[in-house]
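Hi,

Here is the structure I said I would pass on to you. Have a look at it first, and then read my notes below.

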Amino acid sequence: MFLPPFYISTAWRARVMIYFDMRQFLDLHCAQSECPLQLDPQRVVVRYGGSVAANCSTSVLHKGMGWEANEGIVPMTKDQNLITWRVSELTEWDIKPFCYINPNDRRQCLIELPVTVYKTPDSVFISTVYHRGPMTEGQQYVLQCDVHNVAPVQYLTVKWYKGQTLLHQTTFTDTIKTPENKTVTLLIRPDRADDGAQYWCEAELDLGTDGPEPHPTNSAKPLSIAVYYKPIINENKLPSVVRVLRGYPEILVCEAEGNPKPTISWSVSSNDNKNSETLTITESTPENVSCTANNSVGRTTRHVKVSIQENYIPIIVGIIVAVVVVIFVIFIFLYLTYYKKTRIGHYDLKRPNARKELLAKPEQSP
């Protein structure tokens, strides 16, 4: 029977040395798949400093079984078929516990328990690289996400968001078990719609089906960006051609959107500039005027052609009034003529008794 000396020795260094000798021996004589041991669970995920436990059982007769590990050793026992490896506060990053057995009918064998020890980041921080203050539309900038003291990074995913929209995510292939710092960058080219947008990054540990649910996450405080952009003049409120009736002044309004807020000016002639959003158009206004919106990013100019139209409204109104008067006079004349013939009757004023005869004439029955 093979009985490694570290089952008797308690020196840690000796156990480690004998552990590797045992592994080499067992690799030559016995595969894990043939070992009559069952682990429950078959893999453990534990937070650094947390407690962990796993059972090892067998259904065969044996001369002894036990657990070997840097923490939580279970000495070999002959009278049990189930033994538990337990650590109340695990502080070993790369621990590799294994359960071994000495069956009656075969050589000694073992099964290793995969253990993942994890730690969430101490902090997650977002910043801009080589830039401070407002950004300019169309320019490229670099955002940086720093994740401090996280393990193991092979299960780490760093996600970038704008608002609630996922932009990008980065994973890692490092197999180092101890905590590391990771830095991830994101290139952005903001436009005016991004003014006031919030960017943030999130560190997520996806430890598999045996890991905690939901996945442990740490998020950076959102970074709100300001975007400067050149003005745009509202063309719906300021058409390129403006028709103005002679004698009726027209007020033009020039509105522009920009960041910083633009200043508005009107150019009426080479020597006449007005710093105002409005311009009153009269008969003396030149045919071509322009509005300019200007800020620290750029300027935009809107050219307007002024077309003075003759005012025919008074002439039209006069004609309509004249026609109405003529129609009214004709109507009065016709009415009076008809009334005189039908309502008053006819009599001869030259006959002295004509009025008396007319009054004395008896009324006819209807």
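Before anything else, a word you will need: a residue is called buried when its relative accessible area is under 20%, exposed when it is over 50%, and partly exposed in between. Please also keep in mind that this is a predicted model.

Let's start with the charged side chains. Side chains of opposite charge can pair when their charged atoms come close. How many salt bridges does the count come to? It comes to 11, and I'll walk you through some of them.

Take Arg192 and Glu137, whose side chains meet in a salt bridge with 3.1 Å from N to O. Arg192 sits in the loop between β15 (180-188) and β16 (198-205), while Glu137 sits in the loop between β11 (135-136) and β12 (141-150), so this pair ties together parts that are 55 residues apart in sequence. Is Glu137 buried, exposed or partly exposed? Its relative accessibility is 25%, so Glu137 counts as partly exposed. Arg192 has a relative accessible area of 23%, so Arg192 is partly exposed too.

Next, find Lys119 and Asp122. They form a salt bridge in which the closest N and O atoms are 2.6 Å apart. Lys119 has 18% relative accessibility and so counts as buried, whereas Asp122 is exposed, with a relative accessible area of 52%.

Another one to click on is Lys182 with Asp174, where the closest N and O atoms of the salt bridge are 3.0 Å apart. Here Lys182 counts as buried at 15% relative accessibility, and Asp174 counts as partly exposed at 23%.

Now for the rings. A pair of aromatic rings is described by the distance of the centres and the angle of the planes. Searching the whole structure turns up 4 aromatic pairs. One of them is Tyr48 with Trp93, a stacked pair with 4.2 Å from centre to centre and 5 degrees between the planes. This pair links distant parts of the chain: Tyr48 is in the loop between β2 (44-47) and β3 (52-57), and Trp93 is in the loop between β6 (82-87) and β7 (98-103), 45 residues apart. Tyr48 is partly exposed, at 34% relative accessible area, but Trp93 is buried, at 16%.

Tyr161 and Trp200 make a stacked pair as well, with centres 4.3 Å apart and 10 degrees between the planes. That pair also links distant parts of the chain, with Tyr161 in strand β13 (residues 156-162) and Trp200 in strand β16, 39 residues apart. Both Tyr161 and Trp200 are buried.

While you have the strands on screen, look at β12. It pairs in the antiparallel sense with strand β10 (residues 123-128) over 6 bridges, and Val124 stands opposite Val147 in β12. β12 also pairs with β15 in the antiparallel sense, this time over 8 bridges. In that pairing, Gln144 stands opposite Thr185 in β15.

Last stop: which residues form a nonpolar patch on the surface? They are Val317, Val321, Val325, Phe328, Val329, Phe331, Ile332, Tyr335, Leu336 and Tyr339, and together they have about 980 Å² of accessible area. Tyr335 is a handy one to look for: you'll find it in helix α2 (residues 313-344). Tyr335 has a relative accessible area of 47%, so it is partly exposed.

Happy exploring!

How values were computed. Residues numbered from 1 in each chain as written. Predicted model: local features only at pLDDT ≥ 70, side-chain atom pairs only at ≥ 80, totals over all residues. Heavy atoms only, no water. Salt bridge = Lys/Arg side-chain N within 4 Å of Asp/Glu carboxyl O. Buried < 20%, exposed > 50% of the residue type's maximum accessible area, 1.4 Å probe, protein only. Helix = DSSP H or I, 4+ residues; strand = E, 2+ residues; numbered from the N terminus. Phe/Tyr/Trp six-rings, centres within 6.5 Å; stacked < 30°, edge-to-face > 60°. Patch = residues over 30% accessible without salt bridge, like charges linked within 9 Å, V, L, I, M, F, W, Y side chains within 5 Å. Areas by Shrake-Rupley, 256 points an atom, 1.4 Å probe, with all protein chains shown as cover. Pairing = 2+ DSSP bridges.
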